[in-house]
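The sequence and structure come next.

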Amino acid sequence: MLESHSHAPVATAEAFAADCDLAGVALATGWRAPQPRGPATFAGFVAAMDGRDPWAALPLRHARVDASGPVEQRFFDAFLDDLCQRPSAALRLDGVYLSLHGAATATGDDDPGGTVLQRVRDVVGPAVPIVATLDLHGNVSRRMVGHADLLVAYCTNPHVDLAERGADCAAALHERLAGERFASAFVNETVHQARIVGVDAPGLTTPVLANVPWRRIPRPIFPIDPDTAWTPPRVRPARKPDARALARCV
């Protein structure tokens with residue numbers, strides 16, 4: 001999980017280690033802790049899976065750092081090799097959940113999200129469903145869509161719905177394993193900033209990813225939010241400030 005800015009310093013292995021870099025048992029312990037060390041998407045996914053049929057988790061690896069420059073390619077390659085070696089030892093995987101961001105770059109890779117999904121797909125094969133969460137302004141590539149069964153974006157800014165989006169992935173994974181197939185479409189659309197909803201409390205959602213030319217749409221709408229109707233915010237024309245109101249403020 002990384003939001004890259006091309007003018008910021010490179011995100012190194014040391015930067016990820018100082019923030020969050022967990023694997024195996026440490027990752028599983030972290031996502032079940034009272035204060036999870038991993039993202040809340042993990043906690044929501046695990047809690048939703050626990051509430052369904054018995055299951056066994058195979059924790060892989062999670063690395064996160066605050067917004068910075070592109071990830072150092074050497075670290076990204078080593079991270080991805082480690083990530084993909086872990087499920088190879090399992091007898092069988094029924095499904096894969098990935099908590100991604102969608103707006104990362106690497107010093108030698110402009111689409112690390114697509115690289116992660118492609119490498120995981122190469123390991124598990126075409127029949128195993130892969131579901132993933134993304135930030136609402138992730139940059140979704142054709143390659144990401146091509147190797148994922150479902151991509152679900154956060155709906156709120158600030159991000160107060162991460163656990164709910166992780167739970168959405170758990171529900172969708174169960175549907176997929178039960179034989180459901182997702183109808184999908186590629187939508188080429190320029191998203192206006194006014195269509196993103198900023199909230200101070202959970203509940204409001206926006207049905208689009210911001211600044212994303214390509215996104216995957218599961219049935220019946222993207223992202224999944226059956227409980228909340230979404231109404232586009234009204235865009236009011238700019239007007240001159242009222243001098244008397246300004247005086248009262250001063």
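Phe-75 counts as buried at 10% relative accessibility, where buried means under 20% relative accessible area, exposed over 50% and partly exposed in between, with a 1.4 Å probe and protein chains only. This is a predicted model, in which local features need pLDDT of at least 70 and side-chain atom pairs count only at pLDDT 80 or more, while totals for chains, interfaces and linings use all residues. Residues are numbered from 1 along each chain as its sequence is written, and side-chain values use heavy atoms, with hydrogens and water left out.

**Aromatic pairs**

A pair of aromatic rings is described by the distance of the centres and the angle of the planes. Rings of Phe, Tyr and Trp (its six-membered ring) pair if their centres lie within 6.5 Å; planes under 30 degrees apart count as stacked, over 60 as edge-to-face and the rest as tilted.

| Pair | Centre distance | Plane angle | Class |
|---|---|---|---|
| Phe-45 and Tyr-97 | 4.4 Å | 15 degrees | stacked |
| Phe-75 and Phe-79 | 6.3 Å | 40 degrees | tilted |

Phe-45 in helix H3 (residues 40-50) and Tyr-97 in strand S3 (residues 96-99) are 52 residues apart, so their pair links distant parts of the chain. Helices (H or I, at least four residues) and strands (E, at least two) are DSSP runs, numbered from the N terminus. Phe-45 is buried at 8% relative accessible area, and Tyr-97 is buried at 10%. Ring pairs join Phe-42, Phe-45, Trp-55 and Tyr-97 into a cluster.

**Helix H4**

Phe-75 and Phe-79 lie four residues apart in helix H4 (residues 73-85), which means a separation of about one helical turn. Phe-79 is buried too, at 12% relative accessibility. The 13 residues of H4 should span 18 Å at 1.5 Å a residue, and the end C-alpha atoms are 18 Å apart, in agreement; the expected span is 1.5 Å times one less than the number of residues.

Among the buried residues of H4 are Phe-76, Leu-80 and Leu-83. Viewed down the axis, the buried residues of H4 fall within an arc of 155 degrees, so they line one face of the helix; the arc is that of the directions from the helix axis to the C-beta atoms. The face turned away from the buried side carries the exposed residues Arg-74 and Gln-85. The buried residues of H4 pack against helix H1 (13-19), strand S1 (20-23), strand S2 (61-64) and helix H5 (112-124).

**His-62**

His-62 is in strand S2 and is buried at 3% relative accessibility. Leaving out residues up to four places away in sequence, His-62 touches residues including Phe-42 and Phe-79, where contact means heavy atoms within 4.5 Å.
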